Amino acid sequence: MAIQTIATQPIAGQKPGTSGLRKKTAVFSQPYYLENFVQSVFDTLGDCTGKTLVLGGDGRYHNRKAIQTILKMAAAHGYASVLVGQGGILSTPAASCVIRKRGAAGGLILSASHNPGGADGDFGIKYNIAAGGPAPESVTDAIYSRTESITQYRISDAQDINIDTIGVAQIEGMRVEVFDPVADYAELMSRLFDFDAIRKLFAGGFTMRFDGMSAVSGPYAHAILEGMLGAPKGTVINGTPLEDFGGHHPDPNPVNAAQLIALMAQPDAPDFGAASDGDGDRNMIVGRKFDVTPSDSLAVLAANATVAPGYRAGLKGIARSMPTSRAADKVAQALGIPCHETPTGWKYFGTLLDADMATLCGEESYGTGSSHVREKDGVWAVLFWLNLLAATGKSVEDIVTAHWARFGRHYYSRHDYEGIDAAAANLLMNDLRVKLPALKGQNLNGHTVELADDFSYTDPVDGSTAAKQGIRIVMADGSRIVLRLSGTGTEGATLRVYFELYEPDPAQQRRPVQQALASLIAAADSVAAISLQTGRSSPSVIT
Ligand code: G6P
Ligand code: ZN
């Protein structure tokens, strides 16, 4: 075994986006591509000697090969040990849990989250810091600038090691520990939630389907739901991680989890349905013939948090990303706690959680989580709902409609225009920015504009700032239109348009969502010329 120094040169475009570096698998598997990025991470971190690194991924195509490369590079940089999930498997929230629990200096997570996998799909990598969360922008910016000047990388010429059997191996002077990716995480869940009550619920005949979407959360759901909680076998569907996710788009929303939605609409539907994404950090909650929006899910969990043992002391605060509906704000107001509004990207919650200024966080993009780790957490959200269902004995629909009756309903929908021309997308946003100052006071299709701006954020903990985080058009009647470009796509640009309308009257809370939002949808098209500028007459995905 020897450590080699290999000459390389910068590869353009290695800029991490909303959540790490994501590219087509074919791009990632080019010679030097992964090596350049990982070397840039290690260079940015400085001296790695004696430190511990956590390593794993969502099992997608290229995961195993990338893990072997990273192990050999870590050994060449003096890491004392690397903890690798067995089979290379580690969900994003479990990685966060293990980094924190084992006192690691950080972790490398291999995933492109909810983007499709396989040789024709996407691959990705991101670095998480010692607190367990995604590296802040100052770090990812430094990594990016390092990729622009890199000249060499260091790697051991050791043989590949066996990552499929739990145990310890050695590369150069570095210890490699292959560990059970579920155990630490499951133990944490058992402390946060009332497992006895949930066990009783299942024992009493309560039925559920958890759709693992052939991605990483399957092993966690099998072990926790069907193992520890005694749910019948078959509760977890698509529960084995596959390299191409079985051809599925592992994004748990009503469009991509159509199998589960159809199942939940049957006359003999289970009591409860849930799904998680590629790397296990997203969640979708479905009742019988009743979808719960992520924004509502956050608000409902916040309003009922004390049913769970881990949250019995109450919440310090709530945080939501700017485009997420303001349903959580109503709950925070009632609880007398702050509700923080952050830019899109889970990393913005990190400082608030570390400072104990927020306990629960959520995003409209099917992400919910808490201070228990520093990532959003799919299985955690499902267990929280199960705890709530067990504690109240009510159905999902009853819980949500009672919530609306008390706090008002925030009708909500997101329209995505995927894969549009990047130049056209930027032009649309820039044209709209120019119009913003004149919008205030204007009547848009019956809604009077109260505020129109491009969201900028100053982190209340560390003072860091983020500008141009999305255009907000807020109406005097409490409704809102938000437009921003996605930071996670890998092809062209994706325009996201978010609609929200507040309805306090319970008699008006059961209208079809798109119909309730129709006046705002038309207003957005007229103010931003969406059809004209994108060349699309309708969105490609509506959630
Ligand atoms: C990832 C991030 C989230 C973000 C989502 C959508 O899941 O972890 O924080 O909300 O992507 O981001 P995008 O920039 O595509 O809207
Ligand atoms: Zn994800």
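Predicted model: local features only at pLDDT ≥ 70, side-chain atom pairs only at ≥ 80, totals over all residues.
Local features are reported at pLDDT of at least 70 and side-chain atom pairs only at pLDDT 80 or more, whereas totals for chains, interfaces and linings use all residues. Residues are numbered from 1 along each chain as its sequence is written, and chains are lettered from A and ligands numbered from 1 in the order in which they are written.

An unreviewed UniProt entry lists residues 14-153, 184-286 and 295-407 under "domain: Alpha-D-phosphohexomutase alpha/beta/alpha"; positions follow the numbering used here, feature names are shortened, and annotations may be inferred rather than shown by experiment. Residues 14-153 are 37% helix and 24% strand, with end C-alpha atoms 15 Å apart. For residues 295-407 the figures are 44% helix and 14% strand, and the end C-alpha atoms lie 13 Å apart. Helices (H or I, at least four residues) and strands (E, at least two) are DSSP runs numbered from the N terminus.

Two packed helices are described by the angle between their axes and the distance between the axes. Axes are lines fitted to C-alpha atoms, for helices over the stretch in contact, and angles run from 0 to 180 degrees between N-to-C directions. Angles under 35 degrees count as roughly parallel, over 145 as roughly antiparallel, 65 to 115 as roughly perpendicular and the rest as oblique.

The axes of helix 2 (residues 33-45) and helix 3 (residues 63-76) come within 11 Å and cross at roughly 40°, which makes helix 2 oblique to helix 3. The crossing is right-handed (the near helix is turned clockwise from the far one by less than a right angle; anticlockwise is left-handed). Leu-34, Glu-35, Val-38 and Gln-39 of helix 2 contact Ala-66, Thr-69, Ile-70 and Met-73 of helix 3 (C-beta atoms, placed from the backbone, within 7 Å). This contact of helix 2 with helix 3 comprises five nonpolar, two polar and one charged residue (nonpolar: Ala, Val, Leu, Ile, Met, Phe, Trp, Tyr, Cys and Pro; charged: Asp, Glu, Lys and Arg; polar: the others, Gly among them).

Helix 4 (residues 92-101) and helix 6 (residues 183-192) have axes that come within 9 Å and cross at roughly 90°; the two are therefore roughly perpendicular. Pro-93, Ala-94, Cys-97, Val-98 and Lys-101 in helix 4 meet Asp-184, Tyr-185 and Leu-188 in helix 6. Six of these contact residues are nonpolar, none polar and two charged.

The axes of helix 10 (residues 294-303) and helix 11 (residues 327-335) come within 8 Å, crossing at roughly 15°, and the helices are therefore roughly parallel. Helix 10 passes helix 11 in a left-handed crossing.

Ligand 1 is surrounded by 14 residues, the closest being Thr-18, Ser-365, Ser-486, Gly-487 and Thr-488 (C-beta atom, placed from the backbone, within 6 Å). The shell holds one nonpolar, 11 polar and two charged residues.

Definitions and conventions:
Contact = placed C-beta atoms within 7 Å.
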